Amino acid sequence: MAEDTKPTLTAQLDEMALKIMLVEPGDLSVVGELVVLIEGLLAMPEIASQPALAKMAAALGEVIGKIVMAELEDSAENYERLGQGIGLMQEVCRKQGADEAAENNFHTLLGLIGYLPGAGHHKLETASEPPANRPEPPPADHPAPPAPAAGTGETLPPRPRILESPPVETMDFLQDLELLTGFVGETLEHLESIEVNVLELEDNPGDLEIVNKIFRPFHTIKGVAGFLNLKSIQKLAHSTENLLDDVRNGSRPMDAQVVEVVLKVGDFLKTMVDNLSLVLKEGPERYLNYDISGHLAWVEAVRVGQGQAPPAAVPAPSPTPEPAAAPAPVAAAEAESPSPPAGKGPAAPSQKAAVGDSIKVDVEKLDGLVNAVGELVIMQAMIRANPRIGAISDPKLIKDFAQLGRITTELQKTAMSMRMVPIRQTFQKMIRLVRDLSKKTGKEVNLVMEGEETEIDRNMVDSIYDPLVHMIRNSVDHGVQPPAEREGQGKPRTGTVNLRAYQKGGNMVIEIEDDGQGLNTDKIRRKAIERGLIQESDKVSAYDLHNLIFLPGFSTADKITDVSGRGVGMDVVKKAVEKLRGKVEVLSEPGKGSLFVIRLPLTLAIIDGIIVRVGAERYIIPTTAIQESLKPLKENYNTVQGRGETLLVRGTVLPIIRLYQLFRVEPTYSDPCQAIMVVVEYEGRQRAIMVDELLGKQEVVIKNLGGLSDIPGVAGGTILGDGRVGLILDLAGIVQSHSGHLSTDNGGDF
Amino acid sequence: MGAAAQAVDISSGQGMGGKYLTFALGAEEYGIIITKVREIIGIMEITAVPHTPDFIKGVINLRGRVIPIVELRVKFGMELKPYDDRTCIIVVDVVGPSGMVQVGMLVDSVSEVVNMAAQDIESPPDFGAAAHADNIVGLGKIKGKLKILLDVDKVIGHSLAATLTEIA
């Protein structure tokens with residue numbers, strides 16, 4: 001797993017590809033992260049060997065900088081182009097050098113956005129702290145904003161705006177950092193629950209209990225923000241609270257406008273709170289004083305019933321910096337309500353989860369408990385294995401031991417389960433995503449979720465979010481057809497995306513199913529032939545063809561499959577899932593829809609492994625990588641040029657890795673025909689690993705090796721049954737270091 | 001020398017008086033500041049870790065946590081000596097490449113905890129290239145005996161960092 005921790009150019013580009021996909025116009029926080037990634041890329045030593053890539057990255061950074069400075073348009077189209085640009089960069093990176101066609105395409109893309117190389121260089125440094133430098137003319141001097149992009153009826157939220165003038169708020173909220181930390185954490189939770197409840201309210205507009213559930217967190221946020229002297233947050237929360245109060249006591253009806261404004265205020269508050277959390281991490285100089293007047297005015301306008309359009313409309317369509325929109329609620333822009341008619345949005349699950357009493361526990365304490373319990377289980381096993389204890393034939397002792405065993409097992413189960421959290425929260429974030437996406441694409445999509453209670457390792461929750469977003473996006477963007485087309489095909493107007501989670505055979509399974517058009521098998525086949533992956537004459541099953549979309553570079557550069565998104569390949573999803581030691585596959589039927597299945601281990605903390613012995617040392621090989629183990633026959637063993645050793649297994653010639661040579665330990669057998677060969681597969685490469693003996697199969701808890709990390713061939717350690725440490729093999733490292741040492745290490749001592 | 005001694009104090013913050021745990025390596029007596037010491041345990045079975053420098057003896061299981069063990073004799077270029085019932089592992093907190101870590105130091109035997117007054121500590125003399133003087137905080141004199149006071153962050157923490165660069 002060494003390669004996971006060491007960011008490579010490819011990994012960095014993958015990360016960028018994922019990020020660009022998450023960018024929404026008006027959402028500068030993700031753009032900021034993207035800038036950081038580009039800077040990181042340019043700072044990598046490996047980039048020196050790829051000048052073309054460096055140039056592209058620098059240009060990309062400049063374009064993003066200009067978008068942030070509002071010199072170029074902050075629009076979905078431009079991000080789409082940037083996404084394709086990153087796709088081209090991935091291509092160049094893969095090809096390890098100059099690819100003129102890709103480079104030219106890249107510059108054409110940037111040209112489309114409005115970027116001219118060499119025209120006004122904004123350094124990346126400026127771009128890294130864009131909001132603070134963004135020129136913000138006083139809003140009062142400017143006329144009403146232009147009408148939103150015609151036709152779509154879609155309105156974009158006001159951008160989080162930052163005032164350059166001396167901060168209105170003094171920084172005295174920094175006096176009690178502990179309180180502020182608590183506030184940041186709690187507020188983010190509140191905002192999440194607000195979002196979920198608002199979406200639920202959209203479906204049940206009459207349910208005052210839900211209004212109450214939204215009202216309360218706003219009230220809490222207002223109160224604590226006031227206490228901490230966070231005036232902007234307090235004001236905004238207060239005015240939203242007033243609006244909700246009106247809804248609650250019936251003086252204003254609940255409608256789409258309210259939903260829209262509360263959601264956008266929630267987003268804005270989140271931006272502000274995220275900034276606070278940045279301040280906590282990096283110091284008060286990161287503090288940004290956001291301009292809330294636009295949102296305040298909007299809320300007030302909605303409250304009196306005339307806020308038909310948000311105060312700020314789409315950013316200026318020209319590349320020249322257009323003054324930001326005036327904050328006044330201009331109702332003229334669009335006569336109709338910007339929101340779709342009720343029922344168009346995805347159905348939120350109406351079921352209300354039964355929430356038991358719970359307390360918050362420090363993660364460190366929890367890990368300490370899990371460690372201690374693990375130790376207890378091992379100690380118990382060691383005592384029972386003690387021959388003197390074993391010699392006691394007292395029935396009471398035997399009974400007590402059995403009882404002790406039951407208790408420790410129970411304790412271990414409970415401790416492990418405490419690390420697990422329901423996947424509900426991650427799923428709920430998808431409701432909003434589908435709602436926004438369907439609005440944007442003009443499709444009608446119904447998101448149906450099942451199994452939100454399925455539990456997943458707390459540490460995996462964050463890592464699974466990005467791939468999920470990507471796949472849901474794919475399903476809505478490219479899977480589900482527009483309503484008219486659906487009707488033409490005899491399908492219901494409203495498409496359905498099913499998001500399911502369940503446990504099966506020690507795995508957590510997540511399924512994303514749409515009833516859209518499915519993958520275009522012919523196109524994929526053609527592309528595969530073009531790329532030399534298959535021959536014209538090859539008979540490849542539809543399943544195998546469909547799963548080619550997970551290959552790197554397969555769906556990136558051009559829109560050949562129906563699932564290609566913003567120039568981001570499904571390979572990114574696959575990599576993210578594999579990082580979690582999971583697998584992903586797709587089943588698709590043309591015209592009927594696609595089903596993506598992600599299989600993940602229940603926890604990252606435990607791995608299923610085979611314990612092998614080499615001399616006095618024991619190592620654990622992950623079971624998922626093992627294909628078989630065998631005692632080789634003499635006639636199947638061969639050397640190549642007297643050095644490289646190979647083994648013939650079922651007609652395949654496999655290179656042999658002598659583990660004792662790689663790890664420099666004294667083996668029991670140096671004759672391959674006496675030893676055991678474990679056949680493993682890593683990224684399609686098979687190797688025969690030579691060990692002395694197989695000791696057994698066991699689930700082991702993965703631990704890091706204290707201050708030692710990045711050791712080639714070692715993924716971590718675990719405590720074995722006798723209390724000693726065993727090392728878990730990292731097959732990536734072993735396969736790599738072996739190919740590196742092949743010529744020197746295997747000096748045919750057999 | 002006075003200025004040099006002061007510089008050490010400021011940088012390591014542990015050059016002056018206080019309680020020191022002393023231990024033996026061959027004929028030499030060493031000391032480390034007590035606040036760095038987590039615990040002292042007897043020798044136990046150590047799992048070797050491949051592709052690490054010689055002075056990294058391996059890893060042990062310290063109550064469910066895996067920690068690396070540094071063999072100080074190898075680290076200081078001294079001859080190896082078979083382990084006996086006095087051989088000890090001193091578990092210390094050090095600043096590693098990625099934050100605080102616990103590391104075990106394998107020593108011949110642990111002696112005692114002594115109170116060292118500031119005036120009893122001298123800044124390390126210049127050994128030239130013969131000894132790694134930058135590992136040393138100072139030389140302490142107790143009842144006429146010399147204790148070499150080590151900066152564990154430098155001896156252990158830096159060697160962990162060095163391990164990583166060596167591999168890379």
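Me: What should I know about the model before I start?
Reply: It is predicted: local features need pLDDT of at least 70, side-chain atom pairs count only at pLDDT 80 or more, and totals for chains, interfaces and linings use all residues. Residues are numbered from 1 along each chain as its sequence is written, chains are lettered from A and ligands numbered from 1 in the order written, and side-chain values use heavy atoms, with hydrogens and water left out.

Me: How many residues does the contact take from chain A and chain B?
Reply: Chain A gives 22 residues and chain B gives 22 residues. Contact means heavy atoms within 4.5 Å.

Me: And what is the area buried between them?
Reply: About 2,000 Å², with 66% from carbon and sulfur atoms. A:Leu708, A:Arg724 and A:Val725 supply 27% of the area that chain A buries against chain B, more than any other three residues. Buried area is the accessible area (1.4 Å probe) that two parts lose on being put together, summed over both.

Me: How many salt bridges cross that interface?
Reply: The rule finds 1. It joins the side chains of B:Glu45 and A:Arg724, at 2.9 Å, N to O. A salt bridge here is a side-chain nitrogen of Lys or Arg within 4 Å of a carboxyl oxygen of Asp or Glu.

Me: What is the secondary structure of chain B?
Reply: 3 helices and 11 strands. The order from the N terminus is α-β-β-β-β-β-α-β-β-β-β-β-β-α. Helices (H or I, at least four residues) and strands (E, at least two) are DSSP runs, numbered from the N terminus.

Me: What share of chain B is buried?
Reply: 49% of its 168 residues. Buried means under 20% relative accessible area, exposed over 50%, partly exposed in between (1.4 Å probe, protein chains only).

Me: Switching to chain A. What span does H10 have?
Reply: Helix H10 (residues 208-227) has 20 residues and reaches 28 Å from its first C-alpha to its last. That is close to the 28 Å expected at 1.5 Å a residue. The expected span is 1.5 Å times one less than the number of residues.

Me: What do its buried residues pack against?
Reply: Helix H9 (177-203), helix H11 (231-248) and helix H12 (256-282) of chain A. The buried residues of H10(A) include A:Ile214, A:Phe215, A:Phe218 and A:Lys222.

Me: Which residue does A:Arg432 pair with?
Reply: A:Asp267, at 2.8 Å between the closest N and O atoms. A:Arg432 lies in helix H17 and A:Asp267 in helix H12, so this pair ties together parts that are 165 residues apart in sequence. A:Arg432 is buried at 7%, while A:Asp267 is partly exposed at 31%. Both belong to a network of salt bridges that also includes A:Glu195, A:Lys264 and A:Arg435.

Me: How many salt bridges over all chains?
Reply: 39 in the whole structure.
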